[in-house]
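Please work through the exercises below with the sequence and the 3D view side by side, trying each task before reading its solution.

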Amino acid sequence: MSLRTRRARERRERLFAGLGHTAKWLLFFAALAGVGLFATHTAREESREELERLAADRDTARGEAHSRTAEAERLARETEAARAEAASARARYAAEVPTGRMAALLAAVRARLESGLPEDRLAEVIRDAAPRRACDGPPIARRFRITPGERALPEDAATFFEGLVRVQANAPAGFEGLSRTMVVTFAGQGLAAPVTLTGVPAVQSFRIGHHEAVITVTTSPVAGFAAASVAACRPD
């Protein structure tokens, strides 16, 4: 073999060796590039999926927020309607349910109806009711006997207003110190029960129709007698 041939072969071998070495590096870098591309692609896919998931979560959250806002608005409207209804109910209650004096008056009317008083009679009394006026007419005076002892006798009574009012007196301890010991009994219209007062002057008021009569009892200048006086009630 000639020297030229051997050198040519050596150059070819060195060339092939260089090309092989270069090819290995190229393959290595190509592999690295492939791994990088794959990783990049994978990362991009994962990022895209994460973004899609986040977008879906965002849309879900927006939907839930919208639903909650709508529910809050509905509850606010219902609350406002309930408050308005409660205020209206309170106003109706205040207007329709009596209190104070009106409640007491209606209770008295109910009690009278439950006791058996006819409705038409009660209505008539209410229609005829008028403010009470004091009797201021000419004075009316009666002198009547004081009954000695503990009890007054019916025949020893003074009557007023056609018998509607009776006044009696007795002297339990005798006729000494009558201004302190005389017992005066008033009975008649406007009194639920007889009223007994000790000592004079003894004063008692009576309701006569729409008038108020005040009867005053004192001792009389005539021994053994008392005097009762009252202002006459003027006709309506």
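This is a predicted model: local features need pLDDT of at least 70, side-chain atom pairs count only at pLDDT 80 or more; totals for chains, interfaces and linings use all residues.

Residues are numbered from 1 along each chain as its sequence is written, and side-chain values use heavy atoms, with hydrogens and water left out.

**Exercise 1. State how many helices and strands the protein has, and in which pattern they follow one another.**

Solution. Helices (H or I, at least four residues) and strands (E, at least two) are taken as DSSP runs, numbered from the N terminus. On this basis the protein has four helices and ten strands. Read along the sequence, they give the pattern α-α-α-β-β-β-β-β-α-β-β-β-β-β.

**Exercise 2. Explain why the distance between the end C-alpha atoms of helix α2 agrees with its number of residues.**

Solution. The expected span of a helix is 1.5 Å times one less than its number of residues. Helix α2 covers residues 100-114, which makes 15 residues, and so it should span 21 Å. Its end C-alpha atoms are 21 Å apart, in agreement with that value. After α2 comes Gly116, whose phi is positive, near 110°.

**Exercise 3. Describe the side chains of strand β10 and find the strands to which β10 is joined.**

Solution. Begin with the side chains, using the general rule that in a regular strand they alternate between the two faces of the sheet. In β10 (residues 225-231), Ala226, Ala228 and Val230 point to one face and are buried (under 20% relative accessible area, with exposed meaning over 50% and partly exposed in between, for a 1.4 Å probe and protein chains only).

Strand β2 (residues 139-145) runs antiparallel to β10 and is joined to it by seven bridges, with Arg145 standing opposite Phe225. Strand β9 (residues 211-219) also pairs with β10 in the antiparallel sense, over four bridges, and Thr219 has Ala226 as its bridge partner.

Finally, look at the turn: β9 and β10 form a hairpin with five residues between them, where Gly224 has a positive phi of about 85°.

**Exercise 4. Decide whether Phe29 counts as buried, partly exposed or exposed.**

Solution. First locate Phe29, which is found in helix α1 (residues 3-96). Because its relative accessibility is 47%, Phe29 counts as partly exposed. For the protein as a whole, buried residues make up 16% of the 236 residues.

Key
Two strands pair if DSSP finds at least two bridges between them.
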